[in-house]
Amino acid sequence: MPSRPLAWATYSFSFGSQREMADVYRDWQALIGDPDLDRRFSSLFIAEPLGALITGTFYGTEEEYKATGIPDKLPGGGVIKFKLLDWLGHLAHEAEVAGLTLGGLPTPFTSRSLAFRAEDMMDDDSIDALFAYIDDADIGSLLWFIIWNSEGGAMADFTEGNSYPHRDKVMMYQSYVIGIPAISDETRAFVDGVQERVRDGAPLANTTYAGYLDPTLDRAAANDFYWGDMVPKLREVKKTWDPKGLFRNPQSVQPAE
């Protein structure tokens, strides 16, 4: 049986200042924050040195994608590339992008992130302040990007009896700056400044996904930030299945005593 097709699109906004990207981000946030957004759609907004990039993946045909009205709600003014892929083609494309952007060599980096509920979305003033800061800051590196990604959908259906604390989130963000050969003080100050301004716009956002590593956190702080009130339950699970802590990292959950 042939796999179901996927509509995949990118919208690139190049060589604009980050201040100019604020309106683009505002439109994108309104789209992915819509409670009636078709759950077959997922999207990324990526701020980068030359402007911004929006990606959209729709799990259906091109006709179904157009029927949702989503193409008309995406920010205008960008250069659009559209592809129709099957599932395996989509996975191959994602692997290709990951290979091009991440590489295989260890690289010094620093990062911050947050997870947002619907009520945590940033308002207009906070968005303007954030992108003005990105425009003016001394980043200390040309290798940086800030990613916002949509959440929700079927993931939000399973809310009881599980250890994942982000079922109620509709969006997450992560900043990454790569330092060559090392991370500078300016770079650390930049990612801290981005985090401060995002938190100014979302003061009740106080968790993030464990896969979005924050290297500044010790184990206790990381456990609270990644897992919230699920930490006691996870420690009991760890005690049952890995009491000696064979599988661990500097920020992982420890077995309950």
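In which kind of crossing, left-handed or right-handed, does H1 pass H5? The crossing is right-handed. This holds for a predicted model, and every value below was computed from that model.

The protein chain holds eight helices and seven strands. It has 257 residues, and 42% of them are buried. Contacts between residues at least 6 apart in sequence were also examined. Of these, 75% join residues at least 24 apart. The chain exposes about 14000 Å². Carbon and sulfur atoms supply 57% of that area.

Two packed helices are described by the angle between their axes and the distance between the axes. Helix H1 spans residues 18-32, and helix H5 spans residues 124-136. Their axes lie 8 Å apart and form an angle of about 145°. From H1, the contact is made by Gln 18, Arg 19, Met 21, Ala 22, Tyr 25, Arg 26 and Gln 29. The H5 side includes Ile 127, Phe 131, Ala 132 and Ile 134. Asp 124, Asp 128, Asp 135 and Asp 136 of H5 also take part. By class, the contact has seven nonpolar, two polar and six charged residues.

Side chains of opposite charge can pair when their charged atoms come close. The count in this model comes to 16 salt bridges. One of them joins the side chains of Arg 19 and Asp 136, with 2.7 Å from N to O. Arg 19 lies in helix H1 and Asp 136 in helix H5, so the pair ties together parts that are 117 residues apart in sequence. Arg 19 is partly exposed, at 42% relative accessibility. Asp 136 has a relative accessible area of 54%, and it counts as exposed because the cut-off is over 50%.

The side chains of Asp 128 and Arg 26 form another salt bridge, at 2.9 Å from N to O. This pair also links distant parts of the chain, with Asp 128 in helix H5 and Arg 26 in helix H1, 102 residues apart. Asp 128 is partly exposed, with 35% relative accessibility. Arg 26 is at 18%, so it falls under the 20% limit and counts as buried. Both residues belong to a network of salt bridges that links Asp 23, Arg 26, Asp 124 and Asp 128.

The side chains of Asp 192 and Arg 112 meet at 2.7 Å from N to O. Asp 192 sits in helix H6 and Arg 112 in strand S5 (residues 109-116), so to speak of the pair is to speak of distant parts of the chain, 80 residues apart. Asp 192 is partly exposed, with a relative accessible area of 31%. Arg 112 is buried, at 6% relative accessibility.

Beyond its neighbours within four places in sequence, Val 198 is in contact with Leu 114, Phe 116, Met 122, Leu 130 and Tyr 173. Val 198 and Met 122 are 76 residues apart in sequence, but their C-alpha atoms are 7.5 Å apart in space. Ala 189 also lies in helix H6. Ala 189 is partly exposed, with a relative accessible area of 44%. The C-alpha atoms of Ala 189 and Ile 139 are separated by 8.0 Å, and the two residues are 50 apart along the chain.

Loops on either side of H6 were considered next. Pro 181 is found in the loop between strand S7 (171-178) and helix H6 (185-201). The peptide bond from Ile 180 to Pro 181 is cis, with omega near 5°. Thr 207 lies in the loop between H6 and helix H7 (219-227). Thr 207 is buried, at 12% relative accessibility. Leaving out residues up to four places away in sequence, Thr 207 touches Leu 114, Ala 115, His 166, Lys 169, Asp 224 and Phe 225.

Conventions. Residues numbered from 1 in each chain as written. Predicted model: local features only at pLDDT ≥ 70, side-chain atom pairs only at ≥ 80, totals over all residues. Heavy atoms only, no water. Helix = DSSP H or I, 4+ residues; strand = E, 2+ residues; numbered from the N terminus. Buried < 20%, exposed > 50% of the residue type's maximum accessible area, 1.4 Å probe, protein only. Contact = heavy atoms within 4.5 Å. Areas by Shrake-Rupley, 256 points an atom, 1.4 Å probe, with all protein chains shown as cover. Axes fitted to C-alpha atoms, helices over the stretch in contact; angles between N-to-C directions. Left-handed = near helix turned anticlockwise from the far one by under 90°. Nonpolar A, V, L, I, M, F, W, Y, C, P; charged D, E, K, R; others polar. Salt bridge = Lys/Arg side-chain N within 4 Å of Asp/Glu carboxyl O.
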